[in-house]
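Please work through the following exercises with the sequence and the three-dimensional structure at hand.

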Amino acid sequence: MTTTPLTAPLVDAFATGFLRTAIHRLPAGGYLWVRRPGADRPTSLTGPTPGARAALDSLPPLSSPGVCLALPTTESDALHYPAPGADSVAKLLWTDLTPAATAHLAAALHGTGRLLRALHTAPGGTAVTDRTGPGGPARLASWMDSGTGPRCARQLHGVLRDRLGDARWKTVRAWCHALTEPSPGGGALLHGAPSTGGLVPGPAGTDAALFTGEDITRGPAGFDLGWLLGEFLELRMTTAARALHRPVLTDLPAALLDGYGAGADPGTTGRAAVLRIMTHAHDFAAYVGWHAELDLYATTLPRYIDTEGHAALDGTA
């Protein structure tokens, strides 16, 4: 880096009890995203482990039209990510998108699909990563077992435990557990938590950046795909409840799937989408607070669990 957050202009900042983010404009061009643990985060925020870096270093250069992996540098308790823009896809989805902007995002999602496929199938991906299973489902499983946490975590636990019932609760817990079990042949090298909040497009003609490294692990390839598709299913769920129709919430995941291509197990992908929604509900309750919309999650999740998240794949809500 040619500058530090102390000298680079701050253009945005936001935080939850889990994660704090500051975005700085670099004088030489581009942006620096600085992520730090939130006040209620139970663990430190760490970059790629030595095993994860070794796994990534063992791979041939991963390239995908329009998207690149962005690995962080570690500065004290913060991770510094280089990025081409100051707005993530997650933020842009809440704006009024022009047709050109929508096409730009679709290209970023298509490229992300291709990049994840390259990561999952690249030679050398059998390297040890020092992690057993993705962190999100592990966090969800811990809360399901304990029923505790900051802010409204206990309240949401009671609501979901009641609405889901014993059978569904055990089903979701089993899905979490399965992701920590060794996969045949070791499984694919996973991003571990791809998200629209960590996908940052730049100006037209530049590559988007997919923040990568905090959650690198091994497991079934369909997990990465489902984790990202779950965000779009969640948004379709909440917009449908308000009688809104936003084609972009179907078009963008379709672009992701088209970029990835065939091969991911639909069962794993759908279940991962459900886990993503339930993990986000937990994270909001625990690290932000209660919102009336969480009742919608409690009402809708039983249907998603019973159908193993099929709606994440077919574009419905």
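The exercises below concern a predicted model.

**Exercise 1. The surroundings of strand β3**

Task: State which strands pair with β3, and decide whether β3 is largely enclosed or left open by the rest of the structure.

Solution. 

Step 1. Consider the pairing with strand β2 (residues 19–25). It is antiparallel to β3, and 7 bridges join the two. One example is A22, whose bridge partner in β3 is V34.

Step 2. Consider the pairing with strand β6 (residues 78–83). It is also antiparallel, with 5 bridges to β3. Here W33 stands opposite Y81 in β6.

Step 3. Judge the burial. Of the 7 residues of strand β3 (residues 31–37), 6 are buried, so the strand is largely enclosed by the rest of the structure.

Step 4. T21 is found in β2. T21 counts as buried because its relative accessibility is 6%, and buried means under 20%. Leaving aside neighbours within four places in sequence, T21 is in contact with D12, A13, F14, W33, V34 and R35.

**Exercise 2. Cysteines**

Task: State how many disulfides the structure holds, and classify C68 and C152 as buried, partly exposed or exposed.

Solution. 

Step 1. Recall that a disulfide is a covalent bond between the sulfur atoms of two cysteines.

Step 2. Count. The structure holds 0 disulfides.

Step 3. Classify C68. Its relative accessibility is 31%, and therefore C68 counts as partly exposed.

Step 4. Classify C152. With a relative accessibility of 16%, C152 counts as buried.

**Exercise 3. Salt bridges**

Task: State how many salt bridges the structure holds, and describe the pairs D87 with K91, D166 with R161, and D145 with R173.

Solution. 

Step 1. Begin with the total, which is 13 salt bridges.

Step 2. Take D87 and K91. Their closest N and O atoms are 3.2 Å apart. D87 is partly exposed at 29% relative accessible area, and K91 is partly exposed at 40%.

Step 3. Take D166 and R161. Their side chains meet in a salt bridge of 2.9 Å, N to O. D166 is partly exposed at 49% relative accessibility, and R161 is partly exposed at 29%.

Step 4. Look for shared partners. Salt bridges of this kind join D12, D87 and K91 into one network.

Step 5. Take D145 and R173, whose closest N and O atoms are 2.9 Å apart. D145 lies in helix α4 (residues 135–146) and R173 in helix α5 (residues 153–178), so the pair ties together parts that are 28 residues apart in sequence. D145 is exposed at 53% relative accessible area, whereas R173 is partly exposed at 25%.

**Exercise 4. Two helices in contact**

Task: Describe how α4 and α5 cross, and name residues through which they meet.

Solution. 

Step 1. Recall that two packed helices are described by the angle between their axes and the distance between the axes.

Step 2. Apply this description. The axes of α4 and α5 come within 10 Å and cross at roughly 115 degrees.

Step 3. The crossing of α4 and α5 is left-handed.

Step 4. Name the contacts. On the α4 side they include P137, L140 and W143, and on the α5 side they include L156, L160 and W169. D145 in α4 and R173 in α5 are also among the residues that meet.

Conventions. Residues are numbered from 1 along each chain as its sequence is written. This is a predicted model: local features need pLDDT of at least 70, side-chain atom pairs count only at pLDDT 80 or more; totals for chains, interfaces and linings use all residues. Side-chain values use heavy atoms; hydrogens and water are left out. Buried means under 20% relative accessible area, exposed over 50%, partly exposed in between (1.4 Å probe, protein chains only). Helices (H or I, at least four residues) and strands (E, at least two) are DSSP runs, numbered from the N terminus. Two strands pair if DSSP finds at least two bridges between them. A disulfide is a pair of cysteine sulfur atoms within 2.5 Å. A salt bridge is a side-chain nitrogen of Lys or Arg within 4 Å of a carboxyl oxygen of Asp or Glu. Contact means heavy atoms within 4.5 Å. Axes are lines fitted to C-alpha atoms, for helices over the stretch in contact, and angles run from 0 to 180 degrees between N-to-C directions. A crossing is left-handed if the near helix is turned anticlockwise from the far one by less than a right angle, and right-handed if clockwise.
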